[in-house]
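Subject: Structure handed over, with notes

Dear colleague,

I am passing on the structure we spoke about, and my notes on it follow below. Please read them with the coordinates open.

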Amino acid sequence: APPPEDFLAATNSYLEVIMYAHDTNGLVSTRSRSIMPKKVTLSFESDPPGLEVLLDDFPVVLPAEIVSWEKHRLRVDVKDQGPYRFRSWSDGGERRHRILVSSADLEDATIVVRFDEQ
């Protein structure tokens, strides 16, 4: 399945499959099915709190909970802010990286971005 169109689309989007069948007499039959993606809630925090990250290029002030789709590769990015310099992500990723959204791995988990004061 394709990823959500954008950050907010993960909360209210779905896929629709439409199938058309034509017989030799020219009759047409149509069937459609809505496919609802499995949604996963992710928790993000910053240390210290109140700093901003980019999630799929959308600015989010932490702490925050966001909704994404199972198996989506969520882009996370962070910039130095005021007196705070990026130190690390709790998942060990680089400043800008992707997180594979998985309910098995991330359920009840909090992703933390840590900063050092300059």
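Please keep in mind throughout that this is a predicted model.

Overall form

The secondary structure of the protein amounts to 1 helix and 10 strands, and along the sequence these follow the order β-β-β-β-β-β-β-β-β-α-β. For 118 residues a compact globule would have a radius of gyration near 13 Å, whereas the value computed for this protein is 20 Å. The C-alpha atoms occupy a box of roughly 75 × 25 × 20 Å along the principal axes. Of the 118 residues, 35% count as buried, and the accessible surface comes to about 7700 Å², with 49% of that area belonging to carbon and sulfur atoms. When contacts between residues at least 6 apart in sequence are considered, 55% of them join residues at least 24 apart.

The nonpolar core

The largest nonpolar core has 20 residues, and the members that touch the most others are Phe 44, Val 53, Trp 89 and Val 113. Two or more residues of this core come from each of strand 3 (39-47), strand 4, strand 6 (64-69), strand 7, strand 8 and strand 10 (110-117). Leaving aside residues up to four places away in sequence, Val 53 touches Phe 58, Pro 59, Val 60, Leu 62, Asp 77, Val 78, Trp 89 and Val 113.

Phe 86, which is placed in strand 8, counts as buried because its relative accessibility is 13%, under the 20% cut-off. With residues up to four places away again left out, the contacts of Phe 86 include Val 78, Asp 80, Val 113, Arg 114 and Phe 115, as well as Gly 93, Glu 94 and Arg 95. The C-alpha atoms of Phe 86 and Asp 116 are separated by 6.4 Å, although the two residues are 30 apart along the chain.

Salt bridges

Side chains of opposite charge can pair when their charged atoms come close. The count of salt bridges in this model is 8, and a network of them links Asp 56, Asp 57, Arg 75, Asp 77, Lys 79 and Arg 96.

Asp 56 counts as buried at 12% relative accessibility, whereas Arg 75 counts as partly exposed at 22%.

How many salt bridge partners of Asp 77 can be named here, and which are they? The side chain of Asp 77 meets that of Lys 79 at 3.7 Å, N to O, and it also meets that of Arg 96 at 3.1 Å, N to O. Asp 77 is buried, with a relative accessible area of 9%, while Lys 79 is partly exposed at 49% relative accessibility and Arg 96 is partly exposed at 45%.

Backbone details

Two peptide bonds deserve a look. The bond from Asp 47 to Pro 48 is cis, with omega near 10°, and Pro 48 is found in the loop between strand 3 and strand 4. The bond from Leu 62 to Pro 63 is likewise cis, with omega near 10°, and Pro 63 lies in the loop between strand 5 and strand 6.

Lys 71 has a phi near 75°, is placed in the loop between strand 6 and strand 7, and counts as exposed at 66% relative accessibility.

A surface patch

Ile 18, Tyr 20 and Val 28 make a nonpolar surface patch of about 300 Å². Val 28 belongs to strand 2 (residues 28-35) and counts as partly exposed at 47% relative accessibility.

With best regards

Note on methods. Residues are numbered from 1 along each chain as its sequence is written. This is a predicted model: local features need pLDDT of at least 70, side-chain atom pairs count only at pLDDT 80 or more; totals for chains, interfaces and linings use all residues. Side-chain values use heavy atoms; hydrogens and water are left out. Patches are made of residues with over 30% relative accessible area and no salt bridge: like charges are joined within 9 Å, nonpolar side chains (Val, Leu, Ile, Met, Phe, Trp, Tyr) within 5 Å. Accessible areas come from the Shrake-Rupley method with a 1.4 Å probe; for residues, only the protein chains shown count as cover. A salt bridge is a side-chain nitrogen of Lys or Arg within 4 Å of a carboxyl oxygen of Asp or Glu. Helices (H or I, at least four residues) and strands (E, at least two) are DSSP runs, numbered from the N terminus. Buried means under 20% relative accessible area, exposed over 50%, partly exposed in between (1.4 Å probe, protein chains only). A nonpolar core is a set of buried Ala, Val, Leu, Ile, Met, Phe, Trp, Tyr and Cys residues joined through side-chain atoms within 4.5 Å. Contact means heavy atoms within 4.5 Å. The radius of gyration is taken over C-alpha atoms; the globule rule is 2.2 Å times the number of residues to the power 0.38.
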